Amino acid sequence: MKLIIASDIHGSAFWCGKLMELIDREQPDKLILLGDLLYHGPRNDLPLDYAPKQVIPMLSDLKDMIIAVRGNCEAEVDQMVLPFPCMAEFSELLLDGKTFYLTHGHHANPDNLPPLPEGSVFLFGHTHVKMDEVRNGIRCLNPGSVSIPKDGSHSCLIYNNGEFSVKILED
């Protein structure tokens, strides 16, 4: 199973377009979205080409392959305009014999892990900073931010054949 894992699009049509280009090239089985899809939030500057109404159809076209969780910027109105579930606080996948726990990271995070079996994968966003660390036997990964990175590069993750790799979205 090949996954693209992204977080914190924050309504940027430009950077969502870059993510769509990567999806076209990589042809993943699933797109994992770790929250903060449409709204930029009161603590963030407007991202480049802030246009949530343009992001909606980009994501909607992929509705059958998306697994999404709620970020701290999601609201009920977001669920009204998106044709895939996006309001769950977390989701879990069993993949390659491991539990993958998906969340935004504003509640559960590497410093406040949910009860998971050793060897699990904890995927989260929220901080806008890439991370790949093992904590208490749990691999904690953050793809960074698609549109408003706080570590210098717009990014996401690819999971393929049991391996994770960072993908930088800049040309």
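Leaving aside its neighbours within four places in sequence, with which residues is Lys 2 in contact?

Modeller: The model is a predicted one, so local features are described only at pLDDT of at least 70 and side-chain atom pairs only at pLDDT 80 or more, while totals for chains, interfaces and linings use all residues. Residues are numbered from 1 along each chain as its sequence is written, and side-chain values use heavy atoms, with hydrogens and water left out.

Lys 2 lies in the segment before strand S1 (3-6); helices (H or I, at least four residues) and strands (E, at least two) are DSSP runs, numbered from the N terminus. Beyond its neighbours within four places in sequence, Lys 2 is in contact with Glu 26, Gln 27, Pro 28, Asp 29 and Lys 30, and also with Ile 158, Tyr 159 and Asn 160. Contact here means heavy atoms within 4.5 Å. Lys 2 counts as buried because its relative accessible area is 15%; buried means under 20%, exposed over 50% and partly exposed in between, with a 1.4 Å probe and protein chains only.

Gln 27 is found in the loop between H1 and strand S2 (30-33). Its phi is near 50°, a positive value in a residue other than glycine. Asp 96, in the loop between strand S4 (90-95) and S5, also has a positive phi, near 55°.

Two packed helices are described by the angle between their axes and the distance between the axes. The axes of H1 (residues 13-26) and H2 (residues 52-60) come within 9 Å and cross at roughly 15°. Axes are lines fitted to C-alpha atoms, for helices over the stretch in contact, and angles run from 0 to 180 degrees between N-to-C directions. H1 is therefore roughly parallel to H2, as angles under 35 degrees count as roughly parallel, over 145 as roughly antiparallel, 65 to 115 as roughly perpendicular and the rest as oblique. The residues that make the contact are Ala 13, Cys 16, Gly 17 and Met 20 of H1, with Gln 54, Val 55, Met 58 and Leu 59 of H2. Six of these are nonpolar, two are polar and none is charged; Ala, Val, Leu, Ile, Met, Phe, Trp, Tyr, Cys and Pro count as nonpolar, Asp, Glu, Lys and Arg as charged, and the others, Gly among them, as polar.

Charged side chains meet elsewhere. The whole structure holds five salt bridges, each a side-chain nitrogen of Lys or Arg within 4 Å of a carboxyl oxygen of Asp or Glu. In one, Arg 135 meets Asp 111 (2.6 Å, N to O). Arg 135 is in strand S7 (residues 130-135) and Asp 111 in the loop between S5 (98-103) and S6 (121-123), 24 residues apart. Asp 111 is exposed, at 70%, whereas Arg 135 is partly exposed, at 24%. Arg 135 also meets Glu 133 in a salt bridge (3.0 Å, N to O). Through shared partners, Asp 111, Glu 133 and Arg 135 form one network. A further salt bridge joins Asp 151 and Lys 130 (3.0 Å, N to O). Asp 151 lies in the loop between S8 (138-143) and S9 (155-160) and Lys 130 in S7, so the pair ties together parts that are 21 residues apart in sequence.
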